[in-house]
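Dear colleague,

Please find below the structure I am handing over to you. My notes on it follow directly after.

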Amino acid sequence: MTTALLSVSDKTGVLAFAQGLHALGIKLLSTGGTARLLAEAGLPVTEVAEHTGFPEMLDGRVKTLHPRIHGGLLARRDLQAHVAAIAQHGIETIDLLVVNLYPFEATVAKPGCTLEDAIENIDIGGPAMVRSAAKNWKDVGVLTDAAQYDVALAELKADGRLGDRTRFAFAVAAFNRIAQYDAAISDYLSSIGPDGARAAFPGQSNGSFVKLQDLRYGENPHQQAAFYRDLYPAPGSLVTARQLQGKELSYNNIADADAAWEAVKSFDTPACVIVKHANPCGAAVGANPLEAYSKAFKTDSTSAFGGIIAFNTVLDGAAAQQVARQFVEVLLAPGYTPEALEVFKAKANVRVLEIPLDGVKRDGRTAWERGLNSHDVKRIGSGLLVQSADNHELTRADLKVVTALHPTAQQIDDLLFAWNVARFVKSNAIVYCAGGMTLGVGAGQMSRIDSARIASIKAANAGLSLQGSVVASDAFFPFRDGLDVVIDGGAAAVIQPGGSVRDQEVIDAADERGVAMVFTGVRHFRH
């Protein structure tokens with residue numbers, strides 16, 4: 001390796017890397033700000049304009065688009081015709097390319113970004129060089145991420161060259177980066193309307209996902225599967241989890257863990273959510289993790305067997321000892337005390353995941369910064385359904401009392417709790433609650449009445465009384481019969497969206513039965 005070309009927008013780590021290359025006797029070529037940085041550090045560096053004999057022009061838009069650059073990158077050293085051609089035209093080979101691109105993604109993510117700002121941050125020369133170098137990976141190493149510098153430098157120091165595997169891996173990473181970059185440009189530009197406004201959904205959607213791991217199988221053993229994350233994952237999301245112990249996560253583990261985590265982090269006070277087959281089978285808030293878990297477990301101890309348990313607060317030893325008494329597949333929390341981790345050492349198969357929350361709740365940051373999904377995506381035959389995520393958070397001020405009887409302050413607390421749990425239960429969803437815990441959950445039935453009956457049955461099986469409880473329905477009651485079922489079950493207050501043509505019939509039924517009812521004005525279908 002004799003010559004390296006360095007041209008980076010993000011200059012993190014590039015000076016130390018260039019110093020390492022120089023120490024190995026490698027000639028340095030560079031452009032613009034990168035060249036100035038190296039020169040100011042005392043490194044001998046040749047400007048690209050000097051190398052090509054052609055000045056940078058058009059405000060830097062044209063500087064590396066030149067045969068002396070691309071010929072040096074693309075020439076195959078094993079083809080005599082290529083070697084002769086570059087020799088004839090006085091083109092030197094370039095053996096290492098170090099490039100990262102203009103910050104297009106960061107630019108368009110800024111509030112107030114204009115189309116002009118976006119256009120000026122579309123890199124042209126960088127991607128062209130990266131493609132040339134990556135195509136010729138057998139002869140040229142191409143680095144597109146500062147995380148690759150140490151690996152490359154260590155290999156160069158040890159062997160004087162980059163090995164075939166390393167060069168190929170770098171080339172794959174380079175093409176992936178270009179694909180991601182082009183996708184971001186396409187997403188942005190195809191979202192700009194004739195009036196210059198940015199639409200919520202672009203005319204073309206180009207998702208970019210990075211594989212985290214291959215899975216043993218999918219939902220069933222005969223299916224293959226892998227786990228991917230967003231290119232830029234939100235903080236506090238499941239894909240940022242660190243597994244502290246336990247067996248490898250399965251496809252179903254991950255799906256259920258995501259359901260549990262999304263539900264538990266929606267609470268502001270210490271909470272526990274237990275999930276089985278993507279539905280909360282128990283949820284509660286408490287003064288501490290132990291109280292929250294004990295209440296959640298009471299809801300449905302049978303379904304909790306082999307379930308996923310999530311906490312939104314640091315798990316301590318007392319709660320861990322109680323949790324360890326049941327069979328649990330996956331445990332999630334933002335942190336664990338040393339005593340809690342010691343408890344689970346005796347249960348080596350339990351998958352223990354740590355996901356720092358860092359106050360992702362209501363603190364003025366964006367939904368992404370708070371760890372909330374911005375969009376939901378559902379794959380259908382040869383297509384996608386994309387929607388904004390259901391991040392609606394109900395407050396007391398949103399509630400509309402529609403009955404003669406008003407709920408008490410305690411009932412309002414429980415109604416809000418029940419409503420939040422219902423948001424994470426598959427439709428049709430009916431959730432009975434009291435005292436900050438679920439009492440019975442009816443999920444995923446074709447009939448709302450059946451969901452209500454199932455919720456009552458689950459409570460009875462758990463030995464929990466529904467008398468005086470509150471109940472949440474994720475969508476309106478189309479007839480009074482569903483309301484009668486939950487009142488017969490013991491509910492004294494009801495929360496539902498409203499919006500049915502028979503709302504008045506249902507309100508009259510609530511007044512007739514002597515229960516309080518509030519409307520939210522929103523529904524929470526979850527299919």
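I69, H70, L73 and L74 of helix α4 are in contact (heavy atoms within 4.5 Å) with A128, M129, S132, A133 and K135 of helix α8. By class, this contact comprises 6 nonpolar, 2 polar and 1 charged residues. The axes of α4 (residues 67-74) and α8 (residues 125-135) come within 8 Å and cross at roughly 25°. That angle makes α4 roughly parallel to α8 (angles under 35 degrees count as such).

This is a predicted model, in which local features need pLDDT of at least 70 and side-chain atom pairs count only at pLDDT 80 or more, while totals for chains, interfaces and linings use all residues. Residues are numbered from 1 along each chain as its sequence is written, and side-chain values use heavy atoms, with hydrogens and water left out.

In helix α1 (residues 14-23), the buried residues are V14, F17, A18, G20 and L21 (buried means under 20% relative accessible area, exposed over 50%, with a 1.4 Å probe and protein chains only). They lie on the same side of α1 because they cover an arc of only 155° around the axis. The face turned away from this buried side carries the exposed A16 and A23. Among the partners that the buried residues of α1 pack against are β1 (3-8), α2 (32-40) and α9 (149-159). Just after α1, G25 takes a positive phi of about 85°.

Finally, strand β20 (residues 491-496) is largely enclosed by the rest of the structure, since 5 of its 6 residues are buried. Strand β19 (residues 469-473) pairs with β20 in the parallel sense over 4 bridges (pairing requires at least two DSSP bridges). V471 stands opposite V494 in β20.

Yours sincerely

Methods
Helices (H or I, at least four residues) and strands (E, at least two) are DSSP runs, numbered from the N terminus. The arc is that of the directions from the helix axis to the C-beta atoms. Axes are lines fitted to C-alpha atoms, for helices over the stretch in contact, and angles run from 0 to 180 degrees between N-to-C directions. Angles under 35 degrees count as roughly parallel, over 145 as roughly antiparallel, 65 to 115 as roughly perpendicular and the rest as oblique. Ala, Val, Leu, Ile, Met, Phe, Trp, Tyr, Cys and Pro count as nonpolar, Asp, Glu, Lys and Arg as charged, and the others, Gly among them, as polar.
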